[in-house]
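Q: I am new to this structure. Can you show me how to read its features, step by step?

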Amino acid sequence: MAQQALSTAVRTSAPHARTSLDVRPASRAVSVEGIGDVVDAGRRSGYSHLAERRLPTIGRLVSAARGAAAVLVRPTLWPTRRGHWQPAPRVARRHASGRLRVSTVALEPNSFVSGPVPQSTRPAGMEVLFLVSGRAHLISSGADGRMRAAAELSPGRARVVGTALGGHQHLVNTGEEVAVVVRVTA
């Protein structure tokens, strides 16, 4: 009875405060009404930086390129037409899901092929190159034709490629054997 009187005394002095002496269970149910993250879960946000991303991640591109390269290790699946980008064989394209495009090129020694060309229909395209066989370098040049950068494609490592603003990119076979490269584009 003493506890009941004490708890009543505390409630009368501060009706919204609860103390450890108050032994009554809470009379109101807990609500998530004031918690924005819980209430808004699953709804579209009005903030542009929280919008859904439609492009796949770099990880998905690299994974698709690795899978396609693992299949293209067999020389019987290499492109017969040299020096031109062409769709990869169907068995290699199976590793890419969604709207990913998988293409491949075979380059003779001392030959090259042009790299990605920016398209106005794709505002933010992504591309990954993966060396299957041989030795190759990606050369970036300016609009004036001067070389800006050269990057070697290492075996077993993917190279993320950006668009050359006002310039060109070329993939060059710098080895003594046929170079085969897989390109995965989003």
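Q: Let us start with a side chain. Is Arg135 buried, exposed or partly exposed?
A: Buried means under 20% relative accessible area, exposed over 50%, and partly exposed in between (1.4 Å probe, protein chains only). Arg135 has 40% relative accessibility, so Arg135 counts as partly exposed.

Q: What should I know about the model itself?
A: This is a predicted model: local features need pLDDT of at least 70, side-chain atom pairs count only at pLDDT 80 or more, and totals for chains, interfaces and linings use all residues. Residues are numbered from 1 along each chain as its sequence is written, and side-chain values use heavy atoms, with hydrogens and water left out.

Q: Which residue does Arg135 meet in a salt bridge?
A: Side chains of opposite charge can pair when their charged atoms come close. A salt bridge is a side-chain nitrogen of Lys or Arg within 4 Å of a carboxyl oxygen of Asp or Glu. Here the partner of Arg135 is Glu152, at 3.2 Å from N to O. Glu152 lies in strand 6 and Arg135 in the loop between strand 4 (127-133) and strand 5 (136-141), so the pair ties together parts 17 residues apart in sequence. Strands (E, at least two residues) and helices (H or I, at least four) are DSSP runs, numbered from the N terminus. Glu152 has 34% relative accessibility, so Glu152 is partly exposed.

Q: How many salt bridges does the whole structure have?
A: The search finds 2. Glu108 also forms one with Arg82, with the closest N and O atoms 3.4 Å apart. Glu108 lies in the loop between strand 2 (101-107) and strand 3, and Arg82 in the loop between helix 3 and strand 1 (86-87), so this pair ties together parts 26 residues apart in sequence.

Q: In what order do the strands of the sheet run?
A: Strands of a sheet pair through backbone hydrogen bonds, either parallel or antiparallel. Two strands pair if DSSP finds at least two bridges between them. Here 4 strands form an open, antiparallel sheet in the order 3-8-5-6. Strand 3 (112-114) and strand 6 (147-153) stand at the edges with a single partner strand each, so one side of each lacks a neighbour in the sheet.

Q: What is the bridge partner of Val113 in strand 8?
A: It is Leu171. Strand 3 and strand 8 (residues 168-173) pair over 3 bridges.

Q: Which residues does Ile58 touch, beyond four places away in sequence?
A: Contact means heavy atoms within 4.5 Å. Ile58, in helix 3 (residues 58-71), touches Met126 and Val160. Ile58 and Val160 are 102 residues apart along the chain, yet their C-alpha atoms are separated by 8.0 Å.
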